[in-house]
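Subject: Structure handover

Hello,

Here is the structure for you to look over. My notes on it follow below.

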Amino acid sequence: MAEVQVELRHVTKKFTTKTLGDIVAVDDFNFQVYEGECFSILGPSGCGKTTCLRMIAGFEDLSEGEILLSGRPVSSSRANLYVPPEERDLGMVFQAFAVWPHMNVFENVAFPLRIRKVNKAEVERRVKQALQHTSLTGLENVYPSDLSGGQQQRIALARAIVTNPKVMLLDEPLSNLDPHLRETMRFELKELQRKLGFTIIFVTHDQSEAMALSDRMLVADMGRIMQIDTPENLYNRPINRFVHSFLGESTFLRVVIRDGQVYAAGDLEHPLGVTPPPNAAPEMILATRPNAIDITGSTGYQTRIETRIFLTDRTEYLIPVGDQKVKVQTPHRIAFSEGNSCWIRFVDPMWYPVEDTDEEKERARRQLI
Amino acid sequence: MINLRGKTKDLAAVDGRRRIGLDAVMTALSFVLLLVIVVTPISMIIYHAFFYQGQFSLDLLIDQFTRETTLSAMWNTIKIALLVTVFGTIVGVFYAWLLGRSNIPGKSLMRFLFTIPYMFPPFLGAMAWDLLLNGRSGYLNRWAIKTFGLSSAPFNINSIWGIVFVELSYYFPFVFMQVVSALERMDPTLEESARIAGARQGTVIRKITLPLVTPAISSGALLILISSLAHFGVPAILGFSQGIFTLPTRIYAVIARSGGSFDGIRQGAALSILLVAVVAIALWIQQRVIRSGGYDIIKGKSMRPTVINLRGARIPLFILALSTLVVIVLVPLVMIFLVALVKAYGLPLIPANFTLANYERIFTASGTIESIKNSMILSVSAGFITMILGTLVAYVVQKIRPKGSTLLEVMSVLPYSIPGTVLAIGVILAWSGSLGINLYNTLWIILVAYIARYLSFSMKTSSAALLQVHPSLEEAARTCGASHTESLKDITLPLIRPAMVSGFFLIFLPAMREVTTSVLLYGPYTRTLGVQIYSLRDAGMMPQASALGSVAIVLIVVVNTIVNALNQRRKGV
């Protein structure tokens, strides 16, 4: 295994707010990020992802725990240690780019080197290289206000890589760009990482961005880590209902399990024809993806097509199951009409306990911060 | 951005003849009123400065400009303005940073207190400091001479530096408020990215923060420069006794000495040209700075700005800020209120010497009640008329956009760039009979001057509000069957009413304490509150002047409180 670049040990951050009282923004975060890895922290607003990144950067001190960069502690509640951001040797790219409007492209990128008192010739050489890497060559004397959002983002990137940091922190770096540009920048970022070999930790609420870039992802909710895994595993084997619904589209169905048979709530006469999980509770949530439901066969649960929506790349159906409605996505070639009878079969579903409503309330409360 | 011009044009095209009728009336009315109120007095100054008995002549200008007194007044004006600007900017930036970015205690309360000088009339401050530090009779000076056995007064407020000090304490909020708001709205990641790049806090302030707020600093500084160049009250109170004149006070002196004769007014008009020229240079610089534009420093998600821990310096700096507040806010206030109570000016300020007789005297003298009444009538009517006129012009400029709308806009903001003293002379030249209308010695002449002077205030607030009213709102009313007049009355006006009301108070408040123009325009029965205080003091009745000053302060505080309460309630809705 590659060397550990960034490590969080029991990191906790508490805030006291005037309106909401004490909030545990980050609750006992433990993870390691390896050299050359692209690691993303994903979650809804208020999940603690930005606070976590800012603690790694050194903009926030932690309440408890320890953060290590390349094995060296930089924040530690036990040792009462706090290294300021300028001494952590990190690269960072911010959501709003944060390029300095009073400096031209060259001066922006050269700033970290000049602060480090690098000699003039070396500054020239390294800025030139960084600009080459980010396709900004020729724009040295231009001011940021004359450049597009994508170019400003590249300045921020060039400024971050110019000192060759081992770790690069990205705070929603692509969310201020238009969708098309966002995709291009994704590839460029990945390409740059391959060339320069730095470690990326990045924060986003955009799941497709995270999926496309990450080797591993951390999904957080309400200040707690829910799951850390590869994008494939997170999508296919989400550990709970939250992770399931957060990544990709989800279909949830309230079910009743009786005598080894699974029934949709509201229809206890016709079983769904799926095998219940071991140790099943009497009531559960059956979770699946709208594209993982088979309606072409003649086994499972018999029902009918209620609504059909024709979209560019697929057809969507709303199908009543018990007292609920299930969304199903199929390729265009599977064509039903509204009112048609059909059989619905859930392929390899996930099972979750019925959710606690208190958790919903807590989530709403945290969104207010 | 939505192209408002295009949208409005479309609506006009859809409309029938009625709209053109109403719009044309409003446009014509705006032009006529601005010609009468603004253009006439300004043209009269230019005419009388360059023409004598119908003949073009530069004799008057050459005669005036080569006088020793004129040159020294000009030199004083520039010297004072530059000193006030430099020191005002330093003080403003320092406290903006301290209250915006450090962990000094009591930040929000102090921020409020630092803006108090903004609403306090500077000439009352000058009066208070004169009572305390007058070279001959100031309380502090006499106390110091007696206590330390000095041979002469340690301080002399009746000097260039004294004038600079007092103006400074009322003008630094211009820079302070601009910079505080720039610091607050600045995207904190601009500074954070410098930290990540390896810069220490001090380096970040020097290389990132200060350069980014430079546009805010320079626009505040130029506001100080322009205000100080045109300022009358402080040099009038502090400078006359020592023969220190600035251009505005020299103009006043020339006219006062000539007893309001036409010759005196002509000399004043010539000097006005010089003053306008000096101010115009400052305005020109201001335009260039504004055009070069600020940086776009507000974007991204809002986060708390980086707060700097002052550590050991926290308490000393807190004490420094507190003492500054005591000196610029508390000391003048206390002085005015104490001297208002003393039996005779010069008696020690101890309870044994206190009496309410001064208040009794000013309120039984007919002039005082009269002056308060005059100021009330003038402020309310100037506020109301200007609010309507400003909104009319704003509507024409923003929504109708006829040919020449830029000219209209320039005409409406022009008078505020012109020193009040100069405007007053223009009004005298225009409305004391030479054009067939004689308003001299009536309240009307002061009212006309106030309307011209404050027009830009209501015009600007109403313009901003009108820009917020999307054309589709009026269009929606039209599709519901409302005529142009009805949609204006039922949709647009109610939407901008809050802005109109705040425009009213923006005019009412400064008009209540106005002295610069009314001191040149008042007649025997038309003294304003400011003029009355000024005359009482001029006549050596310091305690009575202070008593009336304290009444003015109470009035200002009461009205301000009401306005704030109204604003607060409106925000709640």
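Two residues are taken to be in contact if their C-beta atoms, placed from the backbone, lie within 7 Å. This is a predicted model, in which local features need pLDDT of at least 70 and side-chain atom pairs count only at pLDDT 80 or more, while totals for chains, interfaces and linings use all residues. Residues are numbered from 1 along each chain as its sequence is written, and chains are lettered from A and ligands numbered from 1 in the order in which they are written.

Helix pairs in chain B

With that contact rule, B:G367, B:T368, B:S371, B:I372 and B:S375 of α16(B) meet B:L529, B:V531 and B:Q532 of α23(B). Helices here are DSSP runs (H or I, at least four residues; strands are E, at least two), numbered from the N terminus. The contact of α16(B) with α23(B) is made up of 3 nonpolar, 5 polar and no charged residues; Ala, Val, Leu, Ile, Met, Phe, Trp, Tyr, Cys and Pro count as nonpolar, Asp, Glu, Lys and Arg as charged, and the others, Gly among them, as polar. α16 spans residues 366-400 of chain B and α23 residues 529-538, and their axes come within 7 Å and cross at roughly 145°. Axes are lines fitted to C-alpha atoms, for helices over the stretch in contact, with angles from 0 to 180 degrees between N-to-C directions.

The second pair is α20 (residues 471-479) and α21 (residues 484-512) of chain B, whose axes come within 10 Å and cross at roughly 135°. α20(B) is therefore oblique to α21(B) (under 35 degrees is roughly parallel, over 145 roughly antiparallel, 65 to 115 roughly perpendicular and the rest oblique). On the α20(B) side B:L473, B:E474, B:A477 and B:R478 take part, and on the α21(B) side B:S487, B:D490, B:I491 and B:T492. By class, the residues of this contact are 3 nonpolar, 2 polar and 3 charged.

Domains

Domain bounds come from an automatic or database domain assignment. For chain B the assignment gives domain 1 (1-44 + 355-573) and domain 2 (58-332). The C-alpha centres of these two domains of chain B lie 26 Å apart. Their contact takes 23 residues from domain 1 of chain B and 21 residues from domain 2 of chain B. On the domain 1 side, α18 (420-431), α22 (518-521) and α24 (542-572) of chain B each supply at least two residues, and α24(B) gives the most, with 7 residues. That side of domain 1 has 15 nonpolar, 6 polar and 2 charged residues.

Chain A is assigned domain 1 (4-241) and domain 2 (252-352), with C-alpha centres 41 Å apart.

Contact between the chains

Chain B puts 21 residues into the contact and chain A 19 residues. In chain B, the elements that give two or more residues to this side are α9 (188-196) and α10 (201-229). The largest share, 6 residues, comes from α9(B). The chain B side has 9 nonpolar, 5 polar and 7 charged residues.

Confidence

The predictor gives the complex an ipTM of 0.80 and a pTM of 0.81. pLDDT is the predictor's confidence in each residue, from 0 to 100. Chain B has a mean pLDDT of 86, with 94% of its residues at 70 or more. Among the elements of chain B, α4 (residues 68-101) has the highest mean pLDDT (93) and α1 (residues 4-14) the lowest (45). Over residues 1-14 of chain B, pLDDT stays under 50, and the model has 11 contacts beyond four places in sequence for them. Where pLDDT is low, the predicted coordinates should not be read in detail.

Regards
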